[in-house]
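Please read them beside the sequence and the structure.

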Amino acid sequence: MKVRLLSIGKDRSGLYEPAVQEYARRLGHYTRFELVELPEASGKKLKPGDAKAAEADAILAKRKPQDWLVALDERGSLLDSVELSRYVGKAQTGAKDLLFVIGGDEGLDTRVREAANLSLSLSKMTLPHRLARVVLIEQLYRAFTILKGEPYHK
């Protein structure tokens with residue numbers, strides 16, 4: 001099984017990247033994990049909404065046939081850690097790869113949300129995209145430790 005986390009934009013602050021790298025390293029003990037950063041589709045020539053559409057094209061181009069696409073969206077389902085681990089386990093036993101997607105500043109285009117196998121919300125609160133990436137990657141690490149029966153999740 002392979003897990004990819006695709007996100008739009010870069011962490012310009014540098015605050016979150018050390019945590020992302022630490023959890024990516026930990027995840028490597030359980031699965032093939034890859035971080036994919038796509039550039040923001042911003043510019044003076046784009047009309048409102050065009051950036052989301054351009055980002056959707058780039059996101060959907062990265063999807064492979066064996067992927068279960070999980071779109072992070074504020075309107076998505078709220079899962080607890082055990083429920084997320086069950087979803088990961090179901091993908092694992094079904095020989096599916098997981099592609100988690102975090103959109104840019106404008107969020108995800110409707111086409112990405114409609115293509116998703118699961119729309120997932122991390123919180124009812126609004127999180128900065130870079131912080132959402134840290135929360136998600138930690139929860140993926142937690143999901144694998146739950147599946148292995150390890151004591152990380154208490």
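What volume does the largest pocket have?

1. The largest pocket has a volume of about 420 Å³. A pocket here is an open set of points on a 1 Å grid over the protein atoms alone, where a 1.4 Å probe fits and protein lies on both sides within 12 Å along at least five of seven lines. The volume is the space filled by probe spheres set on the points, which are joined across faces, edges and corners. This is a predicted model, in which local features need pLDDT of at least 70 and side-chain atom pairs count only at pLDDT 80 or more, while totals for chains, interfaces and linings use all residues. Residues are numbered from 1 along each chain as its sequence is written, and side-chain values use heavy atoms, with hydrogens and water left out.

2. The largest pocket is lined by 23 residues, and the closest to its centre are Leu72, Asp73, Glu74, Leu127 and His129. A lining residue has an atom within 4 Å of a point. Strand 3 (67-78), strand 5 (118-121) and helix 5 (129-147) each give at least two residues to this lining, and strand 3 has the largest share, with 4 residues. Helices (H or I, at least four residues) and strands (E, at least two) are DSSP runs numbered from the N terminus. The lining divides into 8 nonpolar, 7 polar and 8 charged residues. In this scheme Ala, Val, Leu, Ile, Met, Phe, Trp, Tyr, Cys and Pro are nonpolar, Asp, Glu, Lys and Arg are charged, and the others, Gly among them, are polar.

3. Asp73 is in strand 3. With 8% relative accessibility, Asp73 counts as buried; the cut-offs are under 20% relative accessible area for buried, over 50% for exposed, and partly exposed in between (1.4 Å probe, protein chains only). Beyond residues up to four places away in sequence, Asp73 touches Arg113, Ser119, Leu120 and Ser121, where contact means heavy atoms within 4.5 Å.

4. Ile102 belongs to strand 4 and is buried, at 3% relative accessibility. Not counting residues up to four places away, its contacts include Leu5, Leu6, Ile8, Leu72, Leu108, His129 and Leu136. Ile102 and Arg130 are 28 residues apart in sequence, and their C-alpha atoms are 9.1 Å apart.

5. How are helix 3 and helix 5 packed? Two packed helices are described by the angle between their axes and the distance between the axes. For helix 3 (residues 81-93) and helix 5 the angle is about 75° and the axes are 8 Å apart. Helix 3 is therefore roughly perpendicular to helix 5, a term for angles of 65 to 115 degrees. Axes are lines fitted to C-alpha atoms, for helices over the stretch in contact, and angles run from 0 to 180 degrees between N-to-C directions. Among the residues that meet are Val82, Leu84 and Val88 in helix 3, and Leu140, Ala143 and Phe144 in helix 5. By class, this contact has 8 nonpolar, 5 polar and 1 charged residues.

6. Ala95 deserves a check of its backbone. Its phi is near 55°, a positive value in a residue other than glycine. Ala95 sits in the loop between helix 3 and strand 4 (97-102) and is exposed, at 64% relative accessibility.

7. Gly9 is in the loop between strand 1 (2-8) and helix 1 (17-27). Its relative accessible area is 5%, so Gly9 is buried. Leaving out residues up to four places away in sequence, Gly9 touches Glu37, Leu38, Pro39, Glu40 and Arg130. The C-alpha atoms of Gly9 and Pro39 are separated by 5.0 Å, although these residues are 30 apart along the chain.

8. Lys2 lies in strand 1 and is partly exposed, at a relative accessible area of 21%. Apart from neighbours within four places in sequence, Lys2 contacts Thr31, Arg32, Glu34, Asp97 and Leu98.

How values were computed. Angles under 35 degrees count as roughly parallel, over 145 as roughly antiparallel, 65 to 115 as roughly perpendicular and the rest as oblique.
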